[in-house]
Amino acid sequence: MAAPIIRIKRSAVAGKRPTVNDLPLGELGLNTYDAELYSRRERIGIGTDVVRLGAGATVTNILYVTKDGSDTNTGKKLGDAKATIAGAIATAGTGTVIKVSAGSYVENNPVIIPEQVSIIGDSLREVSVSPQNANEDLFYVANGDYIAEMSFTGSLNSGKAIVAFNPNQVGYFNQSPYVQNCTNFIPNSIGMKIDGSKAIGPTKSMVVDSYTQYNQGGIGVSITNEGYAQLVSIFTICNEIAIFCNSGSACDLTNSNSSFGNYGLVADGVGPKKYTGIITASAAANSDTFVLDLNVPTLGIQTAVYDGNVGIITITTTTNHNFNVGMGVSIVGLGFTCPSGPGISTFPSGNYGYIFEVAAIDAANSFSAYVGISTLAHTYVSGGTVKINVSRPFDGQVVYLENLYYTVGGITVGSGGTGYTGNAEVTIGSPAESWGVPATGVAEVSNGSVTLVEMISNGRGYSASPPIVTFSTPNSGINTATGTAVMIPTYYSILSSTPVSSGICTITLNDNIPYAVGIGSTIPFFKQSRILASGHSLEYIGSGINIATALPSLGGVVIQENETDSRNGGLVVFTSTDQSGNFRIGDGVAINQQTGTISGRFYSKSLFSTMTPFILALGGE
């Protein structure tokens with residue numbers, strides 16, 4: 001609706017400019033006589049209020065927040081600004097930009113941001129936001145939100161986040177929330193918590209550009225339950241974990257830095273089972289290619305109950321479903337009545353797709369899934385089918401064949417024993433499988449006790465039960481060292497696959513399988529927790545979460561193996577540079593600038609001796 005044309009009356013005295021008292025209430029505008037007065041968007045004071053005027057159409061989708069504002073104001077002008085971000089959000093809608101002026105703001109958190117809303121501070125250094133409630137996250141973001149140019153201060157309980165999906169109102173996402181040029185100063189907090197179980201849709205992701213985490217003891221970015229993130233220029237300082245991916249989550253990490261803290265990049269485990277393939281042709285030991293039947297049954301629906309307040313549908317199938325939590329299922333063709341319209345409507349409509357994740361298993365023939373919130377009640381009538389969603393296998397998924405086997409990831413020393421004057425021998429029990437290989441390690445002794453075991457070979461073919469670990473008798477004394485094996489599951493990653501045709505697909509793995517696989521063997525598919533980091537700087541990792549003691553000049557000690565940590569089948573793929581300038585390409589290759597050598601698992605050679613013949617051949621000196 002166009003704004004009405006409002007004019008300022010001339011003063012009755014010829015040649016006299018109108019005063020404030022000459023202006024009728026609610027009628028502030030311009031006439032020809034006063035055009036010059038307002039041509040530069042000057043302000044006119046009315047009582048204690050200040051109103052900003054300007055030519056052109058009124059902007060209705062910008063709200064202002066200032067320290068001297070009031071949440072009873074409209075927020076549509078600087079002189080009529082809100083006092084808090086939450087106050088502005090209360091009147092914001094899709095497409096609103098909230099501009100926050102310099103100052104410190106204490107917000108009644110969680111602050112729930114509607115879809116497609118931007119919150120932009122005047123300056124990173126001059127706008128600070130603090131949570132009022134330490135036991136709640138600060139911001140809950142929705143589809144397409146944007147937060148920029150502010151710092152976060154104050155306190156939060158451990159595990160609470162600055163930015164997170166709303167766990168109480170699971171929303172649909174096809175555009176990632178975006179945080180840019182912000183700093184988190186809140187100790188023990190999580191800078192960004194991306195829990196994929198609290199989102200519906202294809203992305204379940206957030207993106208970052210220039211987000212600094214000086215949240216000592218906290219986590220920079222936590223990505224769980226098949227969430228995803230693209231992180232550019234994220235800087236973490238003194239974190240317990242800089243970047244954490246768990247339960248099938250993934251992130252791309254570029255041009256970033258992790259300094260001090262206990263752990264750098266951690267990828268832990270795999271996601272829930274997505275579907276299972278059946279081997280259709282036997283494969284000999286050391287094969288890497290397998291033909292699978294990926295057909296899944298289509299199940300009828302007995303009844304369905306939809307709770308629009310929380311967005312959950314509970315479906316009872318006509319037969320047992322064999323689903324598990326986190327599995328993607330295709331739901332189609334359910335008939336519902338709705339009081340707002342005649343007849344029967346079909347769910348899902350397809351506007352948000354047909355694939356939903358199982359949120360809970362209620363019974364062998366009943367499950368629940370988040371499908372989105374509605375203000376209208378819907379009643380199931382009839383029809384519909386549901387089945388496991390099967391996609392073409394892809395790089396980022398992992399499998400095991402028939403049985404999940406383990407390797408020995410390391411030995412946890414219990415009692416170090418006493419009286420060792422030389423080396424202590426450690427023996428790790430053998431696996432039961434004929435194709436298995438025993439793990440081996442070397443015990444290190446300090447002050448007469450075993451302090452750690454350096455693994456030489458992790459072995460293969462173990463079950464989940466740890467093998468027995470024994471140490472040799474000490475040279476003197478009677479206290480023999482003890483230890484326990486730490487087991488790591490063995491998953492095989494997908495290299496490539498053929499399109500699924502009539503349910504049949506051929507997959508190729510990155511590794512050869514050391515045992516024969518027969519027809520009818522099962523291959524379950526999982527999404528791997530994975531961090532892909534390029535050009536990442538890892539400085540003084542392992543030195544601790546307190547900057548007062550983590551600095552090398554104050555006693556901080558680096559633990560190089562804590563820079564990246566691939567746990568329980570997770571994977572960190574990286575190129576990095578440490579505090580000494582040493583460059584690493586994953587765990588396999590390291591370039592030491594000080595010694596001029598390249599080292600890796602299988603070789604170590606002098607960079608100088610390798611390059612000199614080439615330099616001489618080219619006529620170099």
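Contact here means heavy atoms within 4.5 Å. Keep that in mind as you click around; the model is a predicted one.

**Stop one: the cores.** Start by selecting Phe-152. Leaving aside neighbours within four places in sequence, Phe-152 is in contact with Val-129, Leu-138, Phe-139, Ile-147, Ile-162, Cys-182, Thr-183, Asn-184, Phe-185, Ile-186 and Tyr-211. Now widen the selection: Phe-152 is among the residues with the most contacts inside the largest nonpolar core, along with Ile-98, Phe-139, Ile-147 and Ile-243. That core has 53 residues. There is also a second, separate core of 43 residues, and Ala-304, Val-386, Ile-388 and Ile-494 will get you into it. In soluble globular proteins, nonpolar side chains tend to be buried together.

**Stop two: Asn-239.** Next, pick the loop between strand 19 (228-237) and strand 20 (241-246), where Asn-239 is found. Is Asn-239 buried or exposed? Buried: its relative accessible area is 2%, and the cut-off for that label is under 20%. Show the side chain of Asn-239 and follow it to the backbone nitrogen of Gly-220, at 2.9 Å. Beyond four places in sequence, the contacts of Asn-239 include Gln-213, Asn-215, Gly-217, Gly-218 and Ile-219, as well as Gly-261, Asn-262, Tyr-263 and Ile-545.

Zoom in on strand 29 (residues 334-337) and strand 30: four bridges hold the antiparallel pair, and Gly-335 stands opposite Thr-346.

Strand 45 (residues 530-539) runs parallel to strand 47, joined by seven bridges; look for Leu-538, whose bridge partner is Asp-578. Strand 48 (residues 583-585) runs antiparallel to strand 47, with three bridges, and here Thr-575 is partnered with Ile-585. Finish in the hairpin of strands 47 and 48: four residues lie between the strands, and Gly-581 takes a positive phi near 85°.

Notes. Residues are numbered from 1 along each chain as its sequence is written. This is a predicted model: local features need pLDDT of at least 70, side-chain atom pairs count only at pLDDT 80 or more; totals for chains, interfaces and linings use all residues. Side-chain values use heavy atoms; hydrogens and water are left out. Two strands pair if DSSP finds at least two bridges between them. Helices (H or I, at least four residues) and strands (E, at least two) are DSSP runs, numbered from the N terminus. Buried means under 20% relative accessible area, exposed over 50%, partly exposed in between (1.4 Å probe, protein chains only). A polar contact is a pair of N or O atoms within 3.5 Å; within protein, one must be able to donate a hydrogen and the other to accept it, and residues adjacent in sequence count only if both atoms are side-chain atoms. A nonpolar core is a set of buried Ala, Val, Leu, Ile, Met, Phe, Trp, Tyr and Cys residues joined through side-chain atoms within 4.5 Å.
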